[in-house]
Amino acid sequence: MIDSKVKSILFAGVGGQGILRASDIMCMAMMEAGYDVKKSEVHGMAQRGGCVTSHVRYGTKVYSPLAELGSIEILISFEKMEALRYLKFLRKDASIIVNTEEIYPPAVNMGDSTYPDDVIGFLKNHYGRVVAFNAAELAQKAGNIKAANVVLLGAASKLLNVEISVWESVVRQSFPQKLVKLNLDAFQMGIAA
Amino acid sequence: MKKLLMSGNEAIARGVYEAGVRFASAYPGTPSTEIMEEYAKYDGVYAEWAPNEKVAVEVAIGAALGGARALAVMKHVGVNVAADPIFTVSYTGIEGALVIISADDPSMHSSQNEQDNRNYAKFAKIPMLEPADPQEAKEYVKLAFEISEQFDTPVFFRSTTRVSHSKSVVMLSDPLAPRDKNTLTRNAGKYVMVPVNARVRRVEVEKRQQALKEFAETFPENKMEINNPEVGIITAGMPYNYARDVFPEFSYLKLGMVYPLPEKLIREFASKVKKIYVVEELDPYLEEQIKAMGIVVTGKDIFPYTNEFDPGIIKNAINGNMDTSLSPYTDPLAPRPPNLCPGCPHRGLFYALKKSKAYVHGDIGCYTLSYLKPLEGLHSCICMGASIGMAHGMSKALGEKGKGKVVGVIGDSTFLHSGITPLLNMVYNNSDALIIILDNSTTAMTGMQEHPATGYTLLGKESKIVDLKVLVSALGVENINVIDPNNIHEARVAIKEALAFGGPSVIIAQKPCVLFKRANIKPQPSLRVDPDKCEGCKACLDLNCPPISWKKGITKEGSKRKGISFIDETICNGCGLCAQVCKFGAIG
């Protein structure tokens, strides 16, 4: 069953975490499931350890690849404090999937600023559905810490109306043969998280 | 037909291939780079990186004069570099076809300005197409080649960051078989732009303009959608999608061709709707031309001049609302600026350079990131190649007051792009400034593209390697020093000596980019801080290396220490700079 209304998902994190790959996989799954889908992100300077976001929008017909403020239904944050940076984009009833891994920005490293306390508690106080877990640890269990992005996708898949077989097919297409099993395991770990 | 998820840039490359085009030249630059990288993967194409955009356009003109369908690709500011040939090839026309892609960057995601290159189309009298998404990008670039052939004109194709770097579903078509019409056709009256011929061609350009204006009236990609007749929106490119999302009920005139404009069609649209908004990012380019037709429209009175749009900006401007979206989280969050990578060879050089207290003219590349605290490595940065001319100019203007205090830094790819002539000028005009070439063996910022000093072409063929030292020497520079920038002491001594030398000096800081796979850099074991030896002085933090952090509260008996440094072993690649700057031998 296709949802006709356009829905928006925001991926956020730090350069190097595999955010763009994850949003690519999600878009391919949406396309395979029969949706129109668009995504938008910015390359270049952001690769060098800066903030990275990717907007994904899907429905029967999508025009804008960028979501409006206040319209995101699912936020997938690859780093804990990065979840706080984009709350302006979220609907009040948004769901949040957040990796509890912490990556300190330079100002925190230098002791000029602090890393925010109790991010998860804050998110849970303001949003109905917050799924928080350490995706890096789960990816490590699956066999490689770099698969944290696929773990997060697995967790997100539970909130989306796409068959598991579609997800698995797209994950298979997205990695070289020797990494397929590892990523399928990582995806399952995300579902169970 | 096959359906794929494609970025705008991938779709453009596919469109060029489907059009049977087999010749392209480009210089990399965000957000245009992947067009050429993707195009080069197709079978049977000839694609090359030129040292700069002017050369890329000239190469493509040459190919087009030989009858080929030729493409030149660049970012928006690259068109400035290439403007000289572009303005005159507009007069000559071509034998084959010529399309010039300009990838603009509203909001300056990765650029020094956000110039609106639609103005170039009007300025140079060259038609311009502008797609709104990847599917259109693929189709429009094919149309661009057809228009070029039909009207004997170069054609601009404008993308923006949000078209180039968005992805959506694209239907592929079968590629046209490449037609080899390539031949030597001599027609000096048309192609030798001496005044007597240029005056004749100048008139031809105006005739072509008239023909193109007629063509634009019925060009199917100038599309009218009449819905609610109360409000009409005239727009082009990505902003169409934003407006269409938030105001699906309005009427639209979406222009696929943004130069020349279809005046009759615009008048027809104006007669069908009551109130017209012109929705366009950056300059009031469409608005001014439509107002000059005597049509009343609302544009930059309510829409911003600066930065890219999004659906909310358009909705709020038209509804007259302020943005009311609030984040429930109101505490300030530490910013996360981009940084030089762990192990980056630029870090040691800029650390050493800061100690010299020189005024540093910067250039375009990864090293521009050294501008940020705490390295604060640059004091100016204007455009590709500018560091050298600016260092020379400042040094000359200051005279004795500037002696030993003015430096220009430039990357290897940028030096070959547009640094050679200003260095020649420094020698010619007896400069005292110091130029440091940051040679990391690749075009790193845009993602490791080949250039004339890497030894490989875009198609992966081995080629001659330009020896930068020999090149600099041939320009007449006598004081040249090649150093390892990861040796801070060596770098400091070299900088000091060069600044003391009267006359132009060049230091070549040679070390491959740590991300450059071909350089095959074996990461050294990560370093760690000995918590017994660390005095918490924070000297290592001055390197701004991502793995190094400082935690307060870890004190030591008999020491004033308030905290200590840590190294995140998962991202440290053991370059050793921090061990060099630690006075207590605490890092190893």
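Author: A residue is called buried if 20 or more other C-beta atoms lie within 10 Å of its own, exposed if 12 or fewer, and partly exposed in between, with C-beta atoms placed from the backbone. This is a predicted model, in which local features need pLDDT of at least 70 and side-chain atom pairs count only at pLDDT 80 or more, while totals for chains, interfaces and linings use all residues. Residues are numbered from 1 along each chain as its sequence is written, and chains are lettered from A and ligands numbered from 1 in the order in which they are written.

Reader: What makes Gly574(B) buried, exposed or partly exposed?

Author: Gly574(B) has 17 other C-beta atoms within 10 Å, so Gly574(B) is partly exposed. Gly574(B) sits in the loop between strand 20 (563–567) and helix 20 (577–581) of chain B. Helices (H or I, at least four residues) and strands (E, at least two) are DSSP runs, numbered from the N terminus.

Reader: Which residues does Gly574(B) touch, not counting residues up to four places away in sequence?

Author: Contact is decided by C-beta atoms, placed from the backbone, that lie within 7 Å. On that test Gly574(B) touches Pro523(B), Gln524(B), Pro525(B), Ser526(B) and Leu527(B).

Reader: How do you know that the buried residues of helix 17 of chain B line one face of the helix?

Author: The buried residues of helix 17 (residues 420–428) of chain B are Pro422(B), Leu423(B) and Met426(B). Seen down the helix axis, they fall within an arc of 100 degrees, so they line one face of helix 17 of chain B. The arc is that of the directions from the helix axis to the C-beta atoms. Thr421(B) and Tyr428(B), on the other side of helix 17 of chain B, are exposed. The buried residues pack against helix 15 (386–398), strand 16 (434–439) and helix 18 (468–474) of chain B.

Reader: What makes strand 2 of chain A and strand 8 of chain B a pair?

Author: Two strands pair if DSSP finds at least two bridges between them. Strand 2 (residues 36–41) of chain A and strand 8 of chain B are joined by 3 bridges, so they pair, and they run antiparallel. Ser40(A) stands opposite Ser166(B) in strand 8 of chain B. The contact as a whole takes 44 residues from chain B and 43 residues from chain A.

Reader: What is called a nonpolar core, and how many residues has the largest?

Author: A nonpolar core is a set of buried Ala, Val, Leu, Ile, Met, Phe, Trp, Tyr and Cys residues joined through C-beta atoms within 7 Å. The largest has 168 residues, and those with the most contacts inside it are Val151(A), Leu152(A), Ala24(B), Leu71(B) and Val99(B). Helix 1 (residues 19–32) of chain A gives the largest share of this core, 10 residues. A second, separate core of 69 residues includes Leu378(B), Ile437(B), Cys513(B) and Cys534(B).

Technical notes: Two residues are in contact if their C-beta atoms, placed from the backbone, lie within 7 Å.
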